[in-house]
Amino acid sequence: MNAVERLYGDDPDILLVEDDPRQCAEFEDFFQLIGVSYRIATDGPTAMRFLETSLPRIVLMDIRLPGASGIEVSKAILRRAERPVVLLMSGHTESVFEAHQSAGRAFRVIEKPIDLRVLAKFIDDVLSRPYHPGNGSGDVADIP
Amino acid sequence: MERRPGIKWPKLRRYARPRAVFVADSAAGDRPALTQAAFDQMSQPAAIFDHGFRLVSCNPAAARLLALPDGLTQPGTPMRQIILHQAAQGAFTRDDAEARIRDLGQRRHVRMEYQRHDGRVVMVRRDPLEGGGFIVLYNDMTEQRQAESALQENERRYYAVVEDQADLIVRFAPDGRITFVNGACCRFYGRPRQELLGSDVLDLVHPDDRRAVGTYFRVPGRPHRVRTLEHRAIHPDGESARWLERSDRPIYDAADVLIEFQSVMRDVTDLKRAQEQAHRVGKLTALGQIVAGVTHELNQPLNAAALATQNALLSMERRGTVDAGYIKRKLEALVDDLLRMGQIVNHLRTFMRPSGDTTAAADVVAAVRRTTELVDRQFGFDAVVFDLQLPDSCRPVAAAAIDIETVLVNLFTNARDAIVRLRSVDGASAEAETGQGRIVVQVEDMIPENEIRIVVRDNGGGIPDELIPRVFDPFVTTKEVGSGMGLGLSIVHQTVANLGGRLDVHNAHGGAEFRVWIPVARSGS
């Protein structure tokens with residue numbers, strides 16, 4: 001087991017950052033159905049604290065969050081040497097377009113309401129690739 | 001012929017001494033030389049001629065003014081020679097001089113004025129003396145005529161300035177009778193000057209505004225203080241009323257009696273239309289903010305519903321069987337989500353119901369609760385919370401709920417923006433950077449006054465003192481370029497004014513405090 005594999009030993013596949021309990025419950029059902037491990041943070045600061053000690057493969061995050069926005073959390077993640085793939089969920093992608101561009105398209109955006117078939121394919125795509133430190137998004141395909 | 005010592009009459013008497021001179025000499029008694037001395041000392045240029053128009057005496061002032069050579073100041077010199085000398089000086093042509101000479105005996109009184117080659121203007125006044133002869137007085141009118149000419153030129157300039165003004169200028173007496181109008185005024189009203197002069201100044205005001213303008217003029221104001229007022233006027237095109245902004249100055253005489261008003265009026269219709277248009281755009285912007293917030297609210301249960309439905313399908317697909325309990329839970333969750341969406345839509349429908357019912361009576365407390373519920377979650381993302389200090393109930397106000405909610409949304413948004421902006425200011429205190437934004441909302445039924453007072457106070461640092469007098473003007477903003485149109489508070493001001501209410505603002509408790517008073521609805525409405 002190399003260092004990266006060790007690092008991943010206890011880390012979840014996905015960190016979900018979502019403050020709405022109803023949506024959290026449905027995402028939990030979904031993750032269980034597709035068989036991935038996950039943790040849930042309900043606000044931006046909690047997510048950032050979690051990421052100081054853990055390195056999930058994917059951070060699936062709402063854009064509007066109490067405490068810090070999804071974009072702020074994403075930018076903090078992008079400054080790290082080792083980072084997960086970030087997928088932001090938004091009700092209106094136009095508002096995040098500029099931030100998306102300025103961050104070098106280093107995070108992905110998926111529109112709400114979410115098509116779980118698209119999300120499942122994206123998760124599968126990320127988890128099936130080897131991890132590259134410092135290139136969290138790697139060559140992951142764009143969300144269609 | 002009388003011979004007396006005194007005046008140094010020439011030896012050769014070539015003239016007849018006028019009786020008036022004789023009388024004067026007689027009055028001087030034994031010293032008739034006094035008469036001559038007094039005559040010579042007069043600053044008034046003067047000459048005396050006998051009945052045959054021969055010079056009796058010419059004082060030095062006249063000789064200087066007429067530039068008469070010594071030869072022409074000698075007694076007995078015919079007036080004809082003096083006239084010809086003046087002609088030679090350019091006072092008039094030789095022909096004119098001849099005509100005057102021929103005319104000498106025709107008129108007893110002569111008044112004439114001429115300008116010499118050197119530009120000096122001389123006035124001549126010839127009157128008969130009692131008992132025969134004439135006295136001729138000369139006056140140098142040069143400076144007076146120059147002053148008059150300058151005055152006339154000034155008047156012409158002033159008139160041109162007044163006439164060329166695009167502004168309408170009117171002067172009128174305290175009883176309203178118009179005493180002056182400029183060309184712009186005549187053109188605006190499409191009426192000739194003669195028709196406007198003498199008419200009542202209130203005729204220039206739209207019938208619906210005459211009462212208000214009449215009241216405005218009943219208190220004339222302090223001397224030389226200009227007051228302004230906007231009112232409508234009927235334009236001759238008959239299509240629509242035009243808006244005029246008038247500035248009025250009362251004019252008092254030395255005894256402090258009001259004698260006239262001077263009014264300068266400007267057609268501000270286009271400006272007002274542009275402002276109204278901007279307000280409409282601003283209202284749409286406010287509406288856009290509300291819609292954005294509601295869209296987000298709606299998207300949460302919508303996404304949850306979509307996820308629940310897809311999970312149910314995915315469950316059947318992955319497990320290959322139908323788990324009835326799981327599907328039932330998903331359907332129940334789906335119903336909850338749909339009902340939540342229905343509540344949000346109903347809420348929005350209530351909020352956005354149209355205004356325009358002037359007899360409407362709105363519950364301010366309910367409006368505050370609805371509006372804060374609508375924006376509470378959005379503001380929560382910016383760590384801004386509401387502190388509602390509301391009575392259980394208060395008398396309804398004479399307004400549609402949407403008007404009150406428009407006022408509140410704009411005041412709340414302004415407060416939220418100030419709080420967020422304060423956090424980003426360089427050198428902001430740690431408390432400002434990390435502290436919670438707070439918007440205090442108070443409602444008070446101002447018994448016995450027929451008003452409800454709404455207070456909205458934030459802890460966003462307040463408004464710069466220099467901006468406070470203009471804070472309700474359109475396009476005034478402290479926000480960065482591109483982040484706000486500066487219309488929110490202008491809309492608040494206009495909406496409150498339309499409701500017959502009033503508002504003010506001052507800085508207090510580390511932020512801005514807006515106070516709004518809205519009249520209560522009359523009972524029965």
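At 65% relative accessibility, B:His509 counts as exposed, where exposed is over 50% relative accessible area, buried is under 20% and partly exposed is in between (1.4 Å probe, protein chains only). The model here is a predicted one, so local features need pLDDT of at least 70 and side-chain atom pairs count only at pLDDT 80 or more, while totals for chains, interfaces and linings use all residues. On bookkeeping, residues are numbered from 1 along each chain as its sequence is written, chains are lettered from A and ligands numbered from 1 in the order in which they are written, and side-chain values use heavy atoms, with hydrogens and water left out.

- B:His509 has a phi near 55°, a positive value in a residue other than glycine.
- This histidine, B:His509, sits in the loop between β14 (502-508) and β15 (511-519) of chain B; helices (H or I, at least four residues) and strands (E, at least two) are DSSP runs, numbered from the N terminus.
- B:Phe53 also has a positive phi while not being glycine, with a value near 60°.
- Look for B:Phe53 in the loop between β1 (46-49) and β2 (55-58) of chain B.
- B:Phe53 counts as buried because its relative accessibility is 13%.

**Cis peptide bonds**

- In chain A, the bond from A:Lys112 to A:Pro113 is cis, with omega near -5°.
- A:Pro113 belongs to the loop between β5 (108-111) and α6 (116-127) of chain A.
- In chain B, the bond from B:Ile447 to B:Pro448 is cis, and its omega is near 10°.
- The loop that holds B:Pro448 runs between β12 (437-445) and β13 (451-458) of chain B.

**Chain A overall**

- Chain A has six helices and five strands, and along the sequence they come in the pattern α-β-α-β-α-β-α-β-α-β-α.
- Of the 144 residues in chain A, 52% are buried.
- Take the contacts (heavy atoms within 4.5 Å) in chain A with a separation of 6 or more: 68% of them are between residues 24 or more positions apart.
- Chain A exposes about 6,700 Å², with carbon and sulfur atoms supplying 50% of it; accessible areas come from the Shrake-Rupley method with a 1.4 Å probe, and for residues only the protein chains shown count as cover.

**Chain B overall**

- Chain B contains 15 helices and 15 strands.
- Buried residues account for 43% of its 525 residues.
- For chain B, residues 24 or more positions apart make up 53% of the contacts with a separation of 6 or more.
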